Amino acid sequence: MTQNQALTILKTGANVFLTGEPGAGKTHTINAYVEYLRSHNIEPAITASTGIAATHIQGQTIHSWSGIGIRKFLSPYDLDKIATTEYLVRRIQKTKVLIIDEISMIDGFTLDLVDQVCKAIKQKAEAFGGMQVILVGDFFQLPPISRKDEAVPFAFEANVWREMKPLVCYLTEQHRQSDEVFLSLLTAIRRNERMDDHLVHLENRIVSDQDSFEETENMTRLFAHNADVDVINDAALRAIDGPTNTYTMYSKGSESLVANLKKGCLSPETLQLKVGAVVMCTKNNSTKGFVNGTTGTVVRFEPGTKYPIIRTKDGEELTIEPMDWSIEEDGKVRASITQIPLRLAWAITIHKSQGLSLDTAMMDLRQVFEYGQGYVALSRVRTLDGLYLAGWNAQTFQVHPRILQQDRAFQDQSESAQAAFANPETVDLEAMQKNFLLANGGTVEGKKLKKGEKPEKRDTLDLTKELILTGKSLQEIAKERKLVMATVLDHLEKLIIVKRVTLKDIEYLIDPKLKKSLPIIEEAFASCDTTLLSPVYNHLDGKYTFDTLRLARAIISAKNQKTK
C-alpha cells in the first residue's frame with residue numbers, strides 16, 4: 001500500500017494499524033494526516049510508547065496522556081481516581097483522534113488499560129470510548145519491555161485490538177534504503193530466511209578498531225548497552241584538546257511532566273561540547289535545515305552566544321540554537337525543557353536509534369540481547385556502503401516467531417483493505433471523509449459550518465483543477481488547499497486519467513530541470529515495465545524524489561493520452 005492510499009483510509013475515520021518496514025514512510029504519513037486534521041479544525045492527541053519516541057513526533061507518552069503512569073493493573077479505585085481527575089477528563093473528553101506511535105513497544109496489558117480509561121471517561125462502550133485510534137509501528141522492531149521470566153502479550157494480542165478491529169495499512173514503498181542488496185538482506189531477516197548469501201556482504205563490512213579508526217572515528221557508533229555508549233562518548237570528548245563549552249538544560253512547569261520530558265529527550269541535562277566533537281541533532285528544525293538524526297562536527301562557537309556551529313557531512317554549516325520540548329494542554333504549555341538540540345554522537349544505544357535515519361554508522365552487534373535489536377540497528381543506515389560492523393552474535397538476526405506469523409496476516413489484511421477502498425461502487429470515500437469531519441466538529445474545505453448547515457458539495461478534484469488552470473505551482477496549490485504534496489499529485493494524476501486536464505494545461509509545471517530529466521525517467525518506467533514508483537526509484541539509484549517521479553508519471557500519462 002502506498003502512503004497516499006493509507007492517508008485516504010485514515011481520512012475516513014476508521015481505526016487503523018499503520019505499519020511497514022523501516023523507511024516506508026510511517027512517520028511521514030502520520031504527519032500528513034495530522035496536518036490534514038488540523039487544517040479541518042480537529043486536534044489529534046499524539047502519543048508514543050516511550051519518551052524517546054514521543055519526542056520524535058512532538059507528542060507525549062501514552063502512559064502520561066492516559067494517566068495510567070507505570071501501572072500494569074487498574075483497581076476500581078485507580079480507575080475512579082483517573083476518571084475524576086479534571087485535566088485528564090478534559091483532555092480525553094475532547095479527543096476525537098488518538099495516535100499511538102511505536103506500538104511494538106507497548107504490551108497488550110497497557111493497551112487494555114488505556115482502553116479502560118477512555119471508556120470510563122467518555123462513558124461509551126465502544127473501543128477507546130468511540131474515538132478514532134491509529135496505531136503506528138513495526139512489530140519486527142523492539143518488543144515490549146518485560147521483567148525476567150515474565151511473558152507479556154504483544155499489543156495485537158490485547159482484548160481491545162480485537163474489539164476495535166483496526167484496518168491494516170501496510171506501507172510497501174521504501175524511502176530510506178535505495179540499495180537493492182541491502183534491502184534484500186533486511187527482507188531476509190524479516191522473513192527469517194537463511195542468511196548464508198547475505199552474510200558474505202556483512203562480512204565485507206567488518207572492520208577492526210585499529211584498521212578503521214581514521215575511517216570511522218567521526219561516525220555514529222551503535223551499541224546494545226548504555227555503558228558502552230557512555231565510555232566511548234566521554235573518552236572521545238576528553239581526547240580533544242581545547243576549551244569545553246557547557247550548556248545546562250532549563251525547565252519549567254509540573255515537576256512530574258518535566259521529568260517525563262527529560263527522560264524522553266535525547267539531549268542531556270548537561271551538554272559539554274568542544275570544537276571537533278561529533279554530534280547528532282535531537283530535534284527537527286526545517287527552518288534551520290536539520291532533522292532529528294542529522295550528524296555533524298562542531299567547527300566553532302558563535303561569538304557572544306557561544307551557540308555551537310556544526311558542519312554536516314554535506315559540508316553545510318548550521319548554527320544550533322536552543323529549542324523547547326513541551327507538553328501542551330488546551331493550548332497552554334504545562335511543562336517545557338530548553339536545551340541545545342544536540343548530543344554527543346560518537347556512540348548511541350540501539351534503543352535510542354529507533355526512528356533515526358543515518359548515512360553512515362559503526363555498529364557493534366556482539367552484545368545484542370533481544371529480538372529485533374539487530375534488525376533495528378541495521379535498518380538505521382540507508383546503504384550497505386554506509387554500514388561498518390565490529391561483529392555480531394547468534395541473536396542478532398533472529399526475529400520473534402510469533403511476529404513472523406502475525407506479519408503475514410497483517411499483509412493479507414492490508415491487501416484486503418486496499419482492494420475494498422479502491423472500489424468506488426461500494427465505498428464513497430468523499431462522503432465518508434466529510435461525515436467523519438462533521439461528526440467530530442471539524443470543518444469541510446476550511447469553512448466553519450453553522451449548526452444545521454449542510455456543506456457545499458464540491459468535488460475535491462475540481463477544486464484542485466481550478467487552481468491548476470490558474471497556473472499556480474504545486475506548492476501554492478498544496479498551501480492553499482492545505483494538502484500535502486502527495487495528495488496534490490494524486491489529484492493531478494486522477495484529473496489526467498479522467499481527462500479533466502490535458503498536457504497543455506500542465507505544461508507550465510515542466511521546469512527546465514524536470515524537462516531535462518523527463519526522458520531519463522520515462523525510459524526508466526519503460527525499462528522496469530511498470531507504473532509503480534518504487535522499482536523506478538531503485539532503478540535510478542534514488543536520484544529523484546518520489547514526488548518528482550510522481551509528477552513525471554503524471555506528465556507521461558498526459559503525453560500518452562495526447563498521442564492516442
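Predicted model: local features only at pLDDT ≥ 70, side-chain atom pairs only at ≥ 80, totals over all residues.
## Helices α18 and α20

On the α18 side, the contact is made by Thr460, Leu461, Thr464, Lys465 and Ile468. These meet His491, Leu492, Lys494 and Leu495 of α20. By class, the residues of this contact are 4 nonpolar, 3 polar and 2 charged.

## Helices α19 and α20

Helix α19 spans residues 474–481, and helix α20 spans residues 485–497. Their axes come within 9 Å, with a crossing angle of roughly 110°. That angle makes α19 roughly perpendicular to α20.

From α19, the residues in contact are Leu474, Gln475, Ile477, Ala478 and Arg481. Their partners in α20 are Met485, Val488, Leu489 and His491. This contact of α19 with α20 has 6 nonpolar, 2 polar and 1 charged residues. His491 of α20 takes part in the contact with α19 and also in the contact with α18.

## Cavities

The structure contains 5 cavities of 30 Å³ or more. The second largest cavity has a volume of about 60 Å³.

Which residues line the second largest cavity? The lining consists of Phe139, Phe140, Gln141, Pro143, Phe154, Tyr371, Gly372, Val399, His400 and Ile403. Sorted by class, this lining has 7 nonpolar and 3 polar residues, and no charged residues.

Conventions:
Residues numbered from 1 in each chain as written. Heavy atoms only, no water. 1 Å grid on protein atoms, 1.4 Å probe; cavity = no way out; pocket = protein on both sides within 12 Å on 5 of 7 lines; lining within 4 Å. Points joined across faces, edges and corners; volume = space filled by probe spheres on them. Nonpolar A, V, L, I, M, F, W, Y, C, P; charged D, E, K, R; others polar. Axes fitted to C-alpha atoms, helices over the stretch in contact; angles between N-to-C directions. Helix = DSSP H or I, 4+ residues; strand = E, 2+ residues; numbered from the N terminus. Parallel < 35°, antiparallel > 145°, perpendicular 65-115°, else oblique. Contact = heavy atoms within 4.5 Å.
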